[in-house]
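I opened this entry to keep track of what I looked up, step by step.

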Amino acid sequence: MKASKIKKALIQSLSFLHGQVSTLKDENSIDSLTNLTNRRAMDAVLQAWTVQGKMYSVIMLDIDRFKSINDNYGHAAGDEVLRFLARQMRNAVREQDLCCRYGGEEFIILLPETGVGEAYDIAEELRLNVEGTISPIGKSVTFSAGIAVFPKQASNPNKLIELADSALYEAKNLGRNRVVIAKEELQKSEDE
């Protein structure tokens, strides 16, 4: 009788510990505001894919004029807009893709085994859906995006994100609410 109580207590304790480990794992890999993959976990995935030599595309997106959303509607509304975009991203991607919060109002979508044309189509469809949907602030919001592809345009994840970021800022400079593909010639300067 005593042994069965000890066994039951051990099973309950192990079950509790397993739950705690799962919770800690989620907290270390999930952004608490958007429930998207956080930057730390994204970096680990990028590193693994790069080591494996897997082709992948990166879509980096940034909400247009996000500061004015926070200034005009408050930070709580800004947080709702971030959650709104996170939901839109998850709805737009395929099962194998990974949606990540990079920081602030910047997000990244990782697309394994995906070339630039397909990445562009996914980004453009998402852009149109977001633009055509009323956001939590009662009107539509837009984003700008940049796309880069590994290993065609960069030999490491940091350079790839840098290229996607440059393309994103080109999209902003061209008037926002658009998707721009990183220029191929940027890759040549990396190799020199």
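Which residues in H3 meet which residues in H4? I note that the model is a predicted one. On the H3 side I found Phe66, Ile69, Asn70 and Tyr73. They meet His75, Ala77, Gly78, Val81 and Leu82 in H4. I sorted the residues of this contact by type: six are nonpolar, three are polar and none is charged.

Next I checked the geometry of the pair. The axes of H3 and H4 come within 7 Å and cross at roughly 135 degrees. H3 is therefore oblique to H4.

**Sheet**

I then traced the strands. Five of them form an open sheet, in the order E2-E3-E1-E4-E5, with mixed pairing. Strand E2 (98-103) and strand E5 (179-181) stand at the edges. Each has a single partner strand, so one side of each has no neighbour in the sheet. From one strand to the next, the twist averages 25 degrees.

I looked at one pair of strands in detail. E1 and E4 run antiparallel and are joined by eight bridges. Ile63 has Phe143 in E4 as its bridge partner.

Which strands does helix H2 touch? H2 (residues 39-52) packs on the sheet and touches E1, E2, E3 and E4. Its direction makes about 30 degrees with that of E3. Helix H6 (residues 157-173) also packs on the sheet. H6 touches E1, E2, E3, E4 and E5, and its direction makes about 145 degrees with that of E4.

**Cores**

Last, I turned to the nonpolar cores. In soluble globular proteins, nonpolar side chains tend to be buried together. The largest core here has 31 residues. Ile59, Leu61, Met89 and Ile109 have the most contacts inside it. I listed the elements that each supply at least two residues: strand E1 (56-63), helix H3 (66-73), helix H4 (75-92), strand E3 (106-112), helix H5 (116-131) and strand E4 (143-150). H4 gives the largest share, eight residues.

What is Leu61 in contact with, leaving aside its neighbours within four places in sequence? I found Leu85, Met89, Glu105, Glu106, Phe107, Ile109, Leu126, Phe143, Ser144, Ala145 and Leu168. A second core is separate and has 22 residues, including Leu160, Ala164, Leu168 and Val180. I marked Leu168 in both notes: it is in contact with Leu61, and it belongs to the second core.

Key. Residues are numbered from 1 along each chain as its sequence is written. This is a predicted model: local features need pLDDT of at least 70, side-chain atom pairs count only at pLDDT 80 or more; totals for chains, interfaces and linings use all residues. Side-chain values use heavy atoms; hydrogens and water are left out. A nonpolar core is a set of buried Ala, Val, Leu, Ile, Met, Phe, Trp, Tyr and Cys residues joined through side-chain atoms within 4.5 Å. Buried means under 20% relative accessible area, exposed over 50%, partly exposed in between (1.4 Å probe, protein chains only). Helices (H or I, at least four residues) and strands (E, at least two) are DSSP runs, numbered from the N terminus. Contact means heavy atoms within 4.5 Å. Axes are lines fitted to C-alpha atoms, for helices over the stretch in contact, and angles run from 0 to 180 degrees between N-to-C directions. Angles under 35 degrees count as roughly parallel, over 145 as roughly antiparallel, 65 to 115 as roughly perpendicular and the rest as oblique. Ala, Val, Leu, Ile, Met, Phe, Trp, Tyr, Cys and Pro count as nonpolar, Asp, Glu, Lys and Arg as charged, and the others, Gly among them, as polar. Two strands pair if DSSP finds at least two bridges between them.
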